[in-house]
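Here are my notes on this model, point by point. Please read them with the structure open.

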Amino acid sequence: MRICFHATGTKVAPWVQGLKSALPEAEVTEWTPGAPPADYAVVWHPPQQLLDEQAGLQAIFNIGAGVDALMNLRLRPDLKVVRLDDAGMSVQMAEYVCHALIRHFREFDVFEQDAKQGSWSFRRPRLRSEYPVGLMGLGVLGARVAQAVRQFEFPVNGWSRTPRPLEGVRCFAGRGQFDDFLAASRVLVCLLPLTPETENILDRRSLGRLMPGGYLINVARGAHLVEQDLLALLDEGHLAGATLDVLREEPPAPDHSFRTHPKITLTPHISARTLREESIAQIAAKIRAMGRGEPVAGVVDPLRGY
């Protein structure tokens, strides 16, 4: 069994060594142009050349939750694309969302600015019942975030492409219930996969349907957001602010308006990082299961794009 590895912007040696340790029966090498045929590929943002040359791949494993970069390549119809189920990312995502949510709800950002200006002020406590949290996307990550947010006793709404009931969550599904979901939410968290259907979904129309004083937390992909629409709604006062972990261009240009906007908090795409050891263990288990002819979780539906 041969496995090739390629990950743009990632140190190769620890991954190759880790895969060798987890799968001692396999030959694991870094992919380079002209490499010998492999049975499996483990990748992040691979070039089209890898797929063109490795025509005999049985499956390709993506070392991140989002597979949009792979879906933009020309893939053989019979090639299985397998994403990570979790590998330690869901708890990180829950931490991030809860931090952003509570920082806004408790107005810690305001107190921080007051302290810098020498002020010592108090503000009227807000009511959790007035800050329902809407989660767009109820997969592995969304379900874990919902569980965490519920622990702080916020009302939680959830929206997904198809019905997906979750305990303690008011669930909405499909385009027909999208507007009702938005209107019932004040804090909106985007956890959706990026597909042609979800690109630009965070636009003036959708964000404008949030409760007045709405707040956006985007931890999915920058292409979900129409940036100028967010700026307009912030400047008009319909939205109170945003925490953005993802942008269309990363890093943003030095003069990007998001960098200095007083109502926007930016982080450098760190809400849920891939944990190497957990990911390797999961990939190794799936490769062995495939070798035994067993089904594995995380196989991407090419029609849906996730």
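1. Charge over a ring. Start with Arg128, which lies over the face of Phe154 at 5.5 Å from the ring centre. Keep in mind throughout that this is a predicted model. There is another contact of this kind to inspect: the charged end of Arg186 sits over the ring of Tyr131, 5.1 Å from its centre.

2. Tyr131 and its aromatic partner. Tyr131 also pairs with Phe105. The ring centres are 5.3 Å apart and the planes stand at 75 degrees, so the pair is edge-to-face; the angle needed for that label is over 60 degrees. The pair links distant parts of the chain, 26 residues apart. Phe105 belongs to helix H4 (residues 89-105), whereas Tyr131 is in the loop between helix H5 (108-116) and strand E6 (133-136). Are these two residues buried or exposed? Phe105 is buried, at a relative accessible area of 4%. Tyr131 counts as buried too, at 10%.

3. Other aromatics. The count of aromatic pairs is seven. One aromatic cluster is formed by Trp159, Phe172, Phe178 and Phe181.

4. Helix H1. Which residues of H1 (residues 12-22) are buried? They are Val12, Trp15, Val16 and Leu19. These residues cover an arc of only 95 degrees around the axis, which puts them on the same side of H1. Ala13 and Ser21 are exposed, on the face turned away from the buried side. The packing partners of the buried residues are strand E1 (2-7), strand E2 (27-30), strand E3 (40-44) and helix H11 (276-291).

5. Cysteines. How many disulfides does the model contain? The count is zero. Take Cys98: the closest cysteine sulfur is in Cys190, 17 Å away, too far for a bond. For Cys171 the closest cysteine sulfur is again in Cys190, at 16 Å, also too far for a bond. The cut-off for a disulfide is 2.5 Å between the sulfur atoms. Cys98 counts as buried, at 8% relative accessibility. Cys171 counts as partly exposed, at 30%.

6. In an unreviewed entry, UniProt lists residues 100-271 as "domain: D-isomer specific 2-hydroxyacid dehydrogenase NAD-binding". Over residues 100-271 the chain is 30% helix and 18% strand. The end C-alpha atoms of this range are 10 Å apart.

7. A cis peptide. Please check the bond from Glu250 to Pro251. This peptide bond is cis, with omega near -5 degrees. Pro251 is placed in the loop between strand E11 (239-244) and helix H10 (257-260).

8. Two residues deserve a look here. His45 has a positive phi of about 50 degrees, although it is not a glycine. His45 lies in the loop between E3 and helix H2 (48-53). His45 is partly exposed, with a relative accessible area of 39%. Glu153 has phi near 65 degrees, a positive value in a residue other than glycine. The place of Glu153 is the loop between helix H6 (140-151) and strand E7 (156-160). At 64% relative accessibility, Glu153 counts as exposed.

Notes. Residues are numbered from 1 along each chain as its sequence is written. This is a predicted model: local features need pLDDT of at least 70, side-chain atom pairs count only at pLDDT 80 or more; totals for chains, interfaces and linings use all residues. Side-chain values use heavy atoms; hydrogens and water are left out. Buried means under 20% relative accessible area, exposed over 50%, partly exposed in between (1.4 Å probe, protein chains only). Helices (H or I, at least four residues) and strands (E, at least two) are DSSP runs, numbered from the N terminus. The arc is that of the directions from the helix axis to the C-beta atoms. Contact means heavy atoms within 4.5 Å. Rings of Phe, Tyr and Trp (its six-membered ring) pair if their centres lie within 6.5 Å; planes under 30 degrees apart count as stacked, over 60 as edge-to-face and the rest as tilted. A charge sits over a ring if NZ of Lys or CZ of Arg is within 6 Å of the ring centre and within 35 degrees of the ring normal. UniProt positions are given in the numbering used here, feature names are shortened, and annotations may be inferred rather than shown by experiment.
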